[in-house]
Amino acid sequence: MYTYLEIILSPIIFLIEKYYLLLVSTLTLPGLSIILLSLSISIILIPFLRIARIYEDKINLKINFIENNVKEIPASYKGEERFRAIEKIYEENSFHPIQNISRGLSLYLILPVLISAYIFFINNNNIFDVEVLGMINLSEPDKLIKGINVLPILIFFINYLDSTFRYSKIASGQNIYLFMSFAICVLIYSMPSCMTLYWATSSMFSLLFNIKSK
């Protein structure tokens, strides 16, 4: 599976690698180069994210409206009667449950880039065996506070703020986003800090982008 992904995403991985090497050869600062790499990619993705999030907002409002209508179905409706009532609401709003998948459209858009970055960092972990500010070895988890990896927790906190801002009026959307963010935090907790630094920068850019877009 990993090999197939690497083959499919090889053009993106190649571009990420070449751009990072250009940055680090110019700046001679690996940490800053990772931050600029992440920011550059985030900026390139802005036009696509705008389109994705406009659609996401529309589908979230639609789903929120439908969920409120479903809640208004009398509690006395059971079994098939309740099923038919829900189906009627779906038909009236031209909705199918599969449309819930569209709520993560912007994530699906950036996921190939994040996976490509992950493959790049993992395959070249040896070149990140350097310390930043005398505190973090980029080839290892950050262990900033008494062995605790702070960057993955920071990423979750940033995503929490992002979800609170983006889905302030759509609780279900916020809950889904938070669940995904928590799962990501767990998955990346032990990753090298070169990757988590890249991800933290991307998450912070996303938060600022969403704030500015409102």
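The crossing of helices α3 and α5 is right-handed in this predicted model. Helix α3 covers residues 30-71. Its axis and that of α5 come within 8 Å and cross at roughly 160°. Angles over 145 degrees count as roughly antiparallel, and α3 and α5 are therefore roughly antiparallel to each other. On the α3 side, the contact is made by I34, L37, I41, L45, F48, L49, A52, R53, Y55 and E56. On the α5 side, L105, S106, L107, L109, I110, V113 and F121 take part.

Helix α5 also meets α2. Helix α2 spans residues 10-27, and α5 spans residues 105-123. Their axes come within 9 Å and cross at roughly 60°. The two helices are therefore oblique to each other. Here too the crossing is right-handed. From α2, the contact draws on I12, I13, I16, E17 and Y20. From α5, it draws on V113, S116, A117, I119 and F120.

Helix α2 passes α3 in a right-handed crossing. Residues I16, Y19, Y20, L23, V24 and L27 in α2 supply one side of the contact. Residues P30, L32, S33, I34, L36, L37, S40 and I41 in α3 supply the other.

From the N terminus on, the order of elements is α-α-α-α-α-β-β-α-α-α. Along its principal axes, the C-alpha trace spans about 65 × 40 × 35 Å.

Side chains of opposite charge can pair when their charged atoms come close. The structure holds 1 salt bridge. The side chains of E80 and R84 meet in a salt bridge, at 2.6 Å from N to O. Both residues lie in helix α4, which runs over residues 79-92. They are 4 residues apart, about one turn of the helix.

The surface carries a nonpolar patch. L133, M135, L144, I145, I148 and I153 form this patch. Together they have about 600 Å² of accessible area. One of them, I145, lies in the loop between β2 and α6. Strand β2 covers residues 136-137, and helix α6 covers residues 150-166.

Terms used
Residues numbered from 1 in each chain as written. Predicted model: local features only at pLDDT ≥ 70, side-chain atom pairs only at ≥ 80, totals over all residues. Heavy atoms only, no water. Patch = residues over 30% accessible without salt bridge, like charges linked within 9 Å, V, L, I, M, F, W, Y side chains within 5 Å. Areas by Shrake-Rupley, 256 points an atom, 1.4 Å probe, with all protein chains shown as cover. Salt bridge = Lys/Arg side-chain N within 4 Å of Asp/Glu carboxyl O. Axes fitted to C-alpha atoms, helices over the stretch in contact; angles between N-to-C directions. Parallel < 35°, antiparallel > 145°, perpendicular 65-115°, else oblique. Left-handed = near helix turned anticlockwise from the far one by under 90°. Contact = heavy atoms within 4.5 Å.
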